[in-house]
Amino acid sequence: MNWDRVEGNWKQFKGKVKEQWGKLTDDELDVIDGKRDQLVGKVQEQYGISKDEAERQVQTFESGLRDVDTRNP
């Protein structure tokens with residue numbers, strides 16, 4: 001999935017992100033605002049993992065978003 005679609009529909013995707021990374025607060029999700037690099041940084045920070053690992057997790061998450069339909073939130 002194109003990350004621009006995630007960014008443009010961030011409100012619909014916030015729930016999925018929260019399911020994946022439950023340590024992220026609603027305030028942090030608001031700050032991330034669909035920005036992929038911000039998400040990677042917050043995942044890295046909250047989970048105490050390397051940037052490469054956070055990037056891998058976000059990439060895996062992104063790959064799984066193909067099934068999400070944003071047309072009917």
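Predicted model: local features only at pLDDT ≥ 70, side-chain atom pairs only at ≥ 80, totals over all residues.

Modeller: Accessibility comes first: a residue is buried under 20% relative accessible area, exposed over 50% and partly exposed in between, with a 1.4 Å probe and protein chains only. Residues are numbered from 1 along each chain as its sequence is written, and side-chain values use heavy atoms, with hydrogens and water left out.

Biologist: Why is D33 called partly exposed?

Modeller: The relative accessibility of D33 is 41%.

Biologist: What makes an element a helix here?

Modeller: A helix is a DSSP run of H or I with at least four residues, a strand is a run of E with at least two, and both are numbered from the N terminus. By that rule the protein has 5 helices and 0 strands, in the order α-α-α-α-α from the N terminus on.

Biologist: What makes E7 and K35 a salt bridge?

Modeller: A salt bridge requires a side-chain nitrogen of Lys or Arg within 4 Å of a carboxyl oxygen of Asp or Glu. For E7 and K35 the distance from N to O is 3.3 Å, so the pair qualifies. E7 is in helix α1 (residues 3-8) and K35 is in the loop between α3 (26-32) and α4 (36-47), 28 residues apart, and the pair thus links distant parts of the chain. Both ends are partly exposed, E7 at 30% and K35 at 35%. By this rule the count comes to 8 salt bridges.

Biologist: What links E7, D33 and K35?

Modeller: A network of salt bridges joins E7, D33 and K35. K35 also pairs with D33, where the closest N and O atoms are 3.9 Å apart.

Biologist: How do you know that E45 and K42 are about one helical turn apart?

Modeller: They are 3 residues apart in helix α4, which means a separation of about one helical turn. E45 is exposed at 54%, whereas K42 is buried at 19%.

Biologist: What shows that the span of α4 agrees with its 12 residues?

Modeller: The expected span is 1.5 Å times one less than the number of residues. For α4 that gives 16 Å, and its end C-alpha atoms are 16 Å apart, so the values agree. After α4 comes G48, with a positive phi near 60 degrees.

Biologist: Why are the buried residues of α4 said to line one face of the helix?

Modeller: The buried residues are L39, V40, K42 and V43. Seen down the axis of α4, they fall within an arc of 170 degrees, so they line one face; the arc is that of the directions from the helix axis to the C-beta atoms. The face turned away from this buried side carries the exposed residues D37 and E45.

Biologist: What do the buried residues of α4 pack against?

Modeller: They pack against α1, α2, α3 and α5. Contact here means heavy atoms within 4.5 Å.

Biologist: Which residues are buried in α5?

Modeller: A54, Q57, V58, F61 and E62 are buried in α5. Their arc is 140 degrees, so they too line one face of the helix. They pack against α1, α2 (10-20) and α4. Helix α5 (residues 51-63) has 13 residues and reaches 18 Å, close to the 18 Å expected.

Biologist: What makes a set of residues a nonpolar core?

Modeller: The members are buried Ala, Val, Leu, Ile, Met, Phe, Trp, Tyr and Cys residues joined through side-chain atoms within 4.5 Å. The largest such core has 16 residues, of which W10, V17, W21, L24 and L39 touch the most other members. Each of α1, α2, α3, α4 and α5 supplies at least two residues of this core. Beyond its neighbours within four places in sequence, W21 is in contact with L39, V43, Y47, Q57, V58 and F61.
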